[in-house]
Every structure is written in structure tokens, then in C-alpha cells.
Amino acid sequence: MRFSVFGSGAAVLDSRLAKFLPSFIREFQMSLVVDADGQPLCGTMSASAHSLTGNLIVGSLSVFTTLALVNADGFGFDGDFGNECALLLDGPGRTSSFDFNTNTIRGGPQGLGKSGQCITYDAINQAYTEARKRIHIPQPPTNGEWTGYDVAPIGELLLDISIQLTKNYGLTYEEVEKGLPRIDTSRTLIREVCPAFLANVECKPGKYRRYDGLCNNVKHPTWGSTNTPFTRMVGPLFSDGVSSPRISIRGSPLPPARVVSRTMHPDEGYHEHAATIMIIAFGQFMDHDFTLMGTPLDPVNKNEPEECCKRPPHLKNPYCMEIPIPEDDYFYRKFGVRCLDFVRAFPSVRPGCRLGSRLPFNTLTGVIDGNTVYGVKESFSRHLRSGFGGLLRMNPAFADFGLKELLPLKLNIPDEGCTRTNRSQFCFDAGEIRVNEQLILTTMHTLWAREHNRVAKALSEVNPHWNDETLYQEARRIIIAEIQHICYNEFLPILLGREVMEKFGLVLEKEGYWDGYDSEVNPSVIDAFSAAAFRFGHTLLPTSVERWSKAHKFIASKKLSNLIRRPYDLFRAGVLDEYIMGLLNQVAQAMDDSVTQEVTNNLFKKVGQNHGLDLVAFNMQRGRDFGLPGYMEFRKFCGLAEADTFDAMFGAMPNTTVNRYSSIYTSTWDIDLWSGGVSERPLPGSMTGPTFGCIIATQFSYARRGDRFWYELPNQPSSFTPDQLQEIRKARLARLVCDNTDLIDTVQLWPMVLPDHEINPRVPCRSGIVPSIDFTKWADPSGLPTGSAAFSSHTILK
């Protein structure tokens, strides 16, 4: 058995690189080659072979490149694999001190006189030994709960080995991307450090989800689980082919991220015509259900490390990728700021500890599972629980006033994600660490925590014999279903529009089950979704956040930068309801290339300072860190017209935007994905342009089709009964607001859209127009203390 990858060579000089490279990456990703009899060659690629050395991409002339993975045929899997071939490289001979004996003295790979060269298991073990001299691998966690910091050193080790092999053998782009990941590292010393949860996992289907997402897919247990790699829609683009950030396809540096931010995304203050800032609150809540990349953190307060700009080279954090600030910057020059701290994401550990280019990992799950409410570790979920009645811990701050509870205080590492002016101030605790990132997000977390407790109490009335664990798990299961339903029934139709929803299979069933689960769909988060497309909401952010009365009258506003990591207004009785009324009535900024200075100049502004960070520059820098190709490559992937010249971009975005791009980028293929995506004209009936619409819809398609616990599915241990499913379909964001606030008694039917007397009227919460879930459909006649079988997906780490 052999796996072969064939690539047709082509001469590519630097002068032609700008036109050729984007096509190469996409062809590498998607094409299929057939043999002389018309039969497909397994895993083949039609693409030119390119050695990526240093910062130059060097073309090869008419060279056929073949990768062959050799398994047990003639060699055997047992015993010492040292001189066996792990990866066969056909084509011109290459030098390597590791494999001199195998490839030269013995007469070619395996001593069979074949042409080409072989990367042996000895070579990989030698690279492993060298990497271990530089990288310390800590002991596995004793409690079995791996964190990003546990995984990161192993990711560094695997990346170091991949870089060594790439340099030693002069590997081509496709050899790095398709060859290295297919080497069986379990036959090397790498097996010593490979985490068990990424190596050997057996699963039994259960009724309730694991918090970490393992065993959602019984066939592919790690798909969509925590601390696993992002997936890629398009092959990565690194300047050295493995890890170094992207440069221009003409070989020159890209414009600094801050230059792109200030030139392309000024604060012009255009308003959206219909959407309220409720769509920002819910959208960010959903984003934090999906993605949080593993990055270095400050060891004391677990915030972004400030270990780059103000340190000499030998004391910098090794992940530093700071953002330079030009001397003539219109804002930062006033404060003498010449640099913004920024660190790269940790490299991931692929399932099976496979090798390959740099690929960050997601510390959250790839499916919609309410981890914003419950967390992604069982130990932390226990921390959030009260321990009785299936309830979450809450803070009865206003019990004397008869008002509903707030989220509990964050007492453990209180400065994490929180800007405190004194030691007696505390932020809030919730399932996701960024709960305090901005106050309107905190209000959304509060509503869902209250909703969990409301549902748990309703279930306890119907089933008084259920114990704490059953009440908690059943309420959790219902809450996740509510979030999924509201997301696809209210949020996505506004964001994407009906046409995109139908094209990508995102329209929900109105009755009966939806039997669309596919165990071959990987729900893991797409890198372009995390690092670019789902950051669309940054353009919607308002300069100020408003409070409104229960009579829908404006009260006051506060600058957004003063509410970032400062949720303290919510400690005033009745103010949370006023902010939620503001979410219902305040119009969002337009989805365009304009972004408020509250986040381009004042993000995470510290107490006493008059400047902060630049969120837009961070978006650009993160995309380059991830190895995301330019915006034009994603247009091509999505079947949209690409443009080789700036003039050809007219029509896809405003003329002034195109002219600005031509002033800072040397090629249309260099434009950063986030910048290009938010600058596109929106599709009819949609808030997004076609490129971001394509990426976002693809991710949500995976999140539905690849989730074995999806609420509409039949024939699963987790499936709802038909009657229960119809009740879940009554879930509405308007009902969430009505049931979990104190003073609000009228709300528009679609809270993410401005009220309108005809198409989106305000209705009384008690009118019955906004339906409520009937929890008697969950009545359990068994009378057993634990009610329905309360068991989670069971995992065995072999």
C-alpha cells in the first residue's frame, strides 16, 4: 500500500509570482488527477512543486514531485523502524546527513536502487532529539484535563521537527502540507509525548455531551473537541513555507497592520439601517461559543502579555510579533507610542501527533454547545454550579429589591479579563472567560444563566423526583437547544440572508426531525472563520452604548471603551434592564469598512491612560500569524470573481475603498482577508458580502451537519421526543428577554431588528404572542431518583 502525490512542474519566476501563487494554493487544495485509464490517483494534487526557502518562493522547472508514504509492505511495523522509509521524495536528489546511508551507500531509498530520497524514521528521531534539547515537555496533567499550556509545548516540538525536516530536505509546499502530515509518528520517538486524547480514544454514545467535545463524533473522537487544530478552507501561506508570517507575493513586506487599520478602516460613523446592537451582543456570545485560540498569557493575571515592545530582544516573549506604529501616526504619535504588544498563537498538536506547517488550535469546542454558560471542563462546570436543584451559582445582589440575580463574582484571579480600579472591585464569572470583555456581552451571559435556572426550576416542578445532576443536565440540554434554535432561526437569517441560508442548508425544519447528521463532516472551527470572517461584528460596534427606559425612551450613554472589561454599572439596581432596553432600541453601526476609534485607538485602555490598543490591527496581524492567504484567494475558493488589478475590484466594493487599497498594497492578492471581507458590498437581504457570507455559512453548515447532539436529530441517545422538539421550536430571543428581566414588559418580536409597527411590532410579554415552552412535555413517569438515564459520552483513553 502506497500513498502517492504527483505534481506537475512549472517554471515560475518572481515577475510572474503575483499571478501564479494564489491559483497554486487553491489548485493544491482542491484538484484531482487521474491516470492513463481515467482512474483517480489517491490523494493526488495537480500543482507545481515549490521549494520554500527563507523568504523566497523558488520555482522548479518541469520537475515531477512524488511523495510516497510507505507502510508495512515489505518492511513490517514491529521492531526498529530506524532505516525504514517514512516519506519517499521523488525527483532531484537532495542532501541530508541523517539519511546518507539509506540514500547513497545503499543505492537509493530502501537500498533498492530507486531514484529520489527517503526521509527515514531515523531522521525524524534525530530531529526529535534535537528539538527536545530546546523545548521542555512537562508531565501530562494528573487530572486528565489538558489545557492550552499543556498542549503548546508538544505543538512547539512537532513544529520544530517539521521545520528541521523542511530545511534539511528542501521540502516543497505540497510535501510540507500533504506529505509530512501523513507520516506515522507513532513509529517514532514522538509517541513518547503524544497526548492520549489525541492518540487512542474509544467512545460510547451517551445522552449528554462531554464538556470538552470529545466523542461528539464516535468515529472521529477529536473532531470539534477542545485544544485541537483549526481546519483550513485554503492552504496556508507562510513566507518560509512552514511558520514565518506571510509577506507580499512579490517578495516584499506587507504594509504594517496599523497602517492598514488607519488607512482602510477610519471612523466614519455610518449607521446600519435596521439592525440593533442586540445582534452584536448575540453575535459575540456565539463567537465565544465557537473560538478562543491558544496564546501565551501573562503568568500573573492571565491577560495579554506585555513582553514585547518595551523589552530588549533577549527578554522578549518568544511568541512576540509586535505591531510597529509609524512615526506619523495621527493618534499614537501624541503619546510617543511606536509599538503595540502582540503574541502569536501556540502551534497545535494534530490528531496522532502528525507533522506539518504551523497550525493554531482552538481551546473551545467547534459545535454550539453552550460553553459560554457551562465551560469546557467538567471541573470548571462544577465550580459554576450551586450543587442543588440543578442550578447555577448566582449573586443575589438585589434580593432586598425583589430583583433577579446577577452572575457570581470572579474571585479566582480577579484581574483576568477585568480592569479594576481598586482591589475591592470584582468582575463576573461565567462559562467563558471573556464574559467581561464588554458590558453588553455581560448582559447576554446574565440572561442565559438566569434562563438555565428558570428551566431547571420548571423541570423540578414537573419532576420533583429528579436529583441535582439530572435537573442540571436536562436543563443544560434544553438551553443548548434554545441557543442553537435562536441562532439559526433569528441571528443567521439577518446576518446571511435567505438565499445564502438555503444555499448552504441552514434553514431549520418547521416540524418533525431533521436527519442530516454526517459523521464525515468535521465541525472543527475553520481558521478563516476564527481569525477573520466572524470578526465582522467589529465594524458594527457603536462609539457609545445607550441605556433606555422600559417605556423605550433614551436615558443616557457611555463610551464603549469605558465599558470594555468594566461591567461595574450592572451592580446598580435596575441598570441591567436599562442596558438590555438599549440593545433593543439602539441602532448598530453599518457593516462596512468603517470602525469606531473606541476599538482602533482605545481597546483595553488601562485606568489613567489616554490610549489603548487597535483591534483592527490585531485582526490583520492574527490573520498573518495564522498563515491565512490574502482576501482574493478566498474569493476564488468561494467561486467569486478574482481581480488581478485594483481597477478590476471596482463594483465589489466602493471606489474610494479600492483607491485606498492601491495606495498601501502592491497587489490585490496581498489584501488581508478581514479587511477585504468587511469592505465588500453586502449581498441582497444580507449584512455580509459574498466572501464572508461563504465562510460563515460554511462554518455553520459544519456546526449543524457535524454535531451528533444537534437538537433536531432523530435516533440518537440525545434526541428529544417529537413533542419536546416542537416545544424547543418556540424558543425566541424575545421570550428570553421577557422571562429573565425585571422591568421589561414590551419587546419587539425580532429583538435584533429595530421595531416597526407593521413588520416588527412591540408586543406585551404577557400577551401570549411570544410563545413559551411547555415543560410538561418533559414529565418523567418513571419516578426514579435520577429520572432519565443520566450518563455522558464515555471515553476510554487507550
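User: How many aromatic pairs does a search of the whole structure find?
Analyst: This is a predicted model. Rings of Phe, Tyr and Trp pair if their centres lie within 6.5 Å. A search of the whole structure on that basis gives 29 aromatic pairs.

User: Is the pair of phenylalanine 534 and phenylalanine 536 stacked, tilted or edge-to-face?
Analyst: The ring centres of phenylalanine 534 and phenylalanine 536 are 5.5 Å apart. Their planes meet at 65°. Planes over 60 degrees apart count as edge-to-face. So the pair is edge-to-face.

User: Are phenylalanine 534 and phenylalanine 536 buried or exposed?
Analyst: Buried means under 20% relative accessible area. Phenylalanine 534 has 5% relative accessibility, and phenylalanine 536 has 4%. Therefore phenylalanine 534 counts as buried, and phenylalanine 536 also counts as buried.

User: How are the rings of tryptophan 710 and tyrosine 711 arranged, stacked or tilted?
Analyst: Tryptophan 710 and tyrosine 711 are both buried. Their ring centres lie 5.3 Å apart. With the planes at 50°, the pair is tilted.

User: Which ring does the charged end of arginine 477 sit over?
Analyst: The charged end of arginine 477 is 4.2 Å from the centre of a ring. That ring belongs to phenylalanine 720.

User: How far is arginine 565 from the ring centre of phenylalanine 604?
Analyst: Arginine 565 lies over the face of phenylalanine 604. Its distance from the ring centre is 3.7 Å.

User: Is the disulfide of cysteine 85 and cysteine 118 right-handed or left-handed?
Analyst: The structure holds eight disulfides. One of them joins cysteine 85 to cysteine 118, S to S 2.1 Å. Cysteine 85 is in strand E5 and cysteine 118 in strand E6, 33 residues apart. The torsion about the S-S bond is about 135°, so the disulfide is right-handed.

User: How many residues apart in sequence are the parts tied together by cysteine 194 and cysteine 353?
Analyst: Cysteine 194 and cysteine 353 form a disulfide. Cysteine 194 lies in the loop between helix H5 and strand E7, and cysteine 353 in the loop between strand E11 and strand E12. So the pair ties together parts whose separation in sequence is 159 residues.

User: Is the link of cysteine 308 and cysteine 320 left-handed or right-handed?
Analyst: A disulfide joins cysteine 308 to cysteine 320, S to S 2.0 Å. Both cysteines are in the loop between helix H7 and strand E10, 12 residues apart. The value about the S-S bond is -95°. The link is left-handed.

User: Is threonine 372 buried or exposed?
Analyst: Threonine 372 is in helix H8, residues 371-374. Beyond four places in sequence, its contacts include Phe285, His288 and Asp289. Its relative accessibility is 0%, so threonine 372 counts as buried.

User: How far apart in space are proline 717 and glycine 206, C-alpha to C-alpha?
Analyst: Proline 717 is in the loop between helix H20 and helix H21. Its relative accessible area of 36% makes proline 717 partly exposed. Beyond four places in sequence, Gly206 is one of its contacts. Proline 717 and glycine 206 are 511 residues apart in sequence, yet their C-alpha to C-alpha distance is 5.9 Å.

Conventions: Residues are numbered from 1 along each chain as its sequence is written. This is a predicted model: local features need pLDDT of at least 70, side-chain atom pairs count only at pLDDT 80 or more; totals for chains, interfaces and linings use all residues. Side-chain values use heavy atoms; hydrogens and water are left out. Helices (H or I, at least four residues) and strands (E, at least two) are DSSP runs, numbered from the N terminus. Buried means under 20% relative accessible area, exposed over 50%, partly exposed in between (1.4 Å probe, protein chains only). Contact means heavy atoms within 4.5 Å. Rings of Phe, Tyr and Trp (its six-membered ring) pair if their centres lie within 6.5 Å; planes under 30 degrees apart count as stacked, over 60 as edge-to-face and the rest as tilted. A charge sits over a ring if NZ of Lys or CZ of Arg is within 6 Å of the ring centre and within 35 degrees of the ring normal. A disulfide is a pair of cysteine sulfur atoms within 2.5 Å.
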